[in-house]
Amino acid sequence: MENIKYFIGKDANSMYETLGTKRNRDFENLAYNTKDEIFEYFSAVKTSSKIDYIPILQYWLDTLNTEGIQHKLNFGAIDEIHFDFTGSLKKDVTNISKLVSNTKVLCSGDGFKISAEGKSKDFRKTDEPHKYVYPTIKEMKSGRIPIIQSILNLWIGAIQDFCQPNLARIEDLQYQFLLRLVDACNSNAGRAIVLYQFFYEKESEPVNEWIENLRIWKSIINPNERLSFFAQKIQIAPIDASVSTEELLQKVKTDRAVAFEKDEIIEI
């Protein structure tokens with residue numbers, strides 16, 4: 001596990017494209033990103049949602065955690081971990097690259113891919129947690145049916161070797177769920193795993209409501225033996241709200257910003 005290569009975005013240069021700068025000469029011969037570059041990237045991201053990456057980065061940059069999850073999910077060694085992965089199925093179709101993917105963590109190894117959706121703050125803010133921020137495919141179609149239908153057709157094509165989806169109900173899926181599935185299956189000749197990680201602070205938070213919806217969405221997908229779905233419930237100590245995201249990132253870099261207290265994996 002010590003030989004894991006880390007990446008930001010679709011390839012090793014995506015951070016510099018995002019920031020409008022050039023790759024440091026010291027790293028120009030590397031095909032992957034260093035941990036320092038990863039923290040530089042997330043420090044520069046101008047969005048409040050980047051605080052959700054604090055527990056995610058700490059979890060996936062710790063080899064003890066990656067070894068543990070490898071054992072629990074029963075797959076081989078992870079070779080690559082991509083953070084904030086942006087992929088596309090067809091570059092010449094309008095908006096395809098924008099709508100196909102923005103997976104928080106994408107892992108790959110010999111014969112498998114894991115598409116992980118880490119949730120920290122965003123699943124707590126509504127009475128209907130599965131609807132927060134992320135609409136269904138049906139809702140996505142509102143006002144732009146042709147382009148969304150074209151994209152949906154591509155998504156279905158990308159997952160067809162891993163499942164037999166109920167096409168009469170597929171528009172009821174949350175689009176983010178389908179995106180994670182596409183990233184796990186796309187260009188994958190082996191096993192595909194979709195993992196939802198819930199970093200929660202209190203037992204009363206709506207993790208179980210999310211898991212019930214994952215079960216419903218899985219039933220619509222109807223996976224075969226090559227596709228698995230898991231939910232991981234990770235209880236964390238409350239994050240100090242007075243500390244800035246940048247300071248928290250520095251804590252992750254030098255030590256630990258988050259204390260993981262419970263860790264349970266459930267196969268959906």
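The model is predicted, so local features need pLDDT of at least 70 and side-chain atom pairs count only at pLDDT 80 or more, while totals for chains, interfaces and linings use all residues. Residues are numbered from 1 along each chain as its sequence is written, and side-chain values use heavy atoms, with hydrogens and water left out.

**View 1. Helix H2 against helix H10.** H2 covers residues 35-44 and H10 covers residues 245-254; helices (H or I, at least four residues) and strands (E, at least two) are DSSP runs numbered from the N terminus. Their axes come within 10 Å and cross at roughly 170 degrees. Axes are lines fitted to C-alpha atoms, for helices over the stretch in contact, and angles run from 0 to 180 degrees between N-to-C directions. H2 and H10 are therefore roughly antiparallel (angles under 35 degrees count as roughly parallel, over 145 as roughly antiparallel, 65 to 115 as roughly perpendicular and the rest as oblique). Asp-36, Phe-39, Phe-42 and Ser-43 of H2 meet Glu-246, Leu-249, Val-252 and Lys-253 of H10, where contact means heavy atoms within 4.5 Å. The residues of this contact are four nonpolar, one polar and three charged (Ala, Val, Leu, Ile, Met, Phe, Trp, Tyr, Cys and Pro count as nonpolar, Asp, Glu, Lys and Arg as charged, and the others, Gly among them, as polar).

**View 2. Helix H3 against helix H10.** The axes of H3 and H10 come within 10 Å and cross at roughly 10 degrees. That makes H3 roughly parallel to H10. Ile-54, Leu-57 and Gln-58 of H3 make the contact with Thr-245, Leu-248, Leu-249 and Val-252 of H10. Five of these residues are nonpolar, two are polar and none is charged.

**View 3. The second largest pocket.** This pocket holds about 160 Å³ of space. On a 1 Å grid over the protein atoms alone, a cavity is a set of points where a 1.4 Å probe fits but cannot get out, and a pocket is an open set with protein on both sides within 12 Å along at least five of seven lines; lining residues have an atom within 4 Å of a point. Lys-35, Phe-39, Leu-57, Gln-58, Leu-61, Asp-62, Val-252, Lys-253, Asp-255 and Arg-256 line the pocket. H2, H3 (53-60) and H10 are the elements that give two or more residues to this lining. The lining has four nonpolar, one polar and five charged residues.

**View 4. Helix H8 against helix H9.** The axes of H8 (residues 175-185) and H9 (residues 207-221) come within 11 Å and cross at roughly 60 degrees. H8 and H9 are therefore oblique to each other. Phe-177, Leu-178 and Leu-181 of H8 meet Leu-214, Trp-217, Lys-218 and Ile-221 of H9. Six residues of this contact are nonpolar, none is polar and one is charged.

**View 5. The largest cavity.** The volume of this cavity is about 30 Å³, a volume being the space filled by probe spheres set on the grid points, which are joined across faces, edges and corners. Phe-177, Val-194, Tyr-196, Leu-214, Phe-229, Phe-230 and Ile-268 line the cavity. Strands S5 (191-200) and S6 (227-236) each supply at least two lining residues. The lining has seven nonpolar residues, with no polar and no charged ones.
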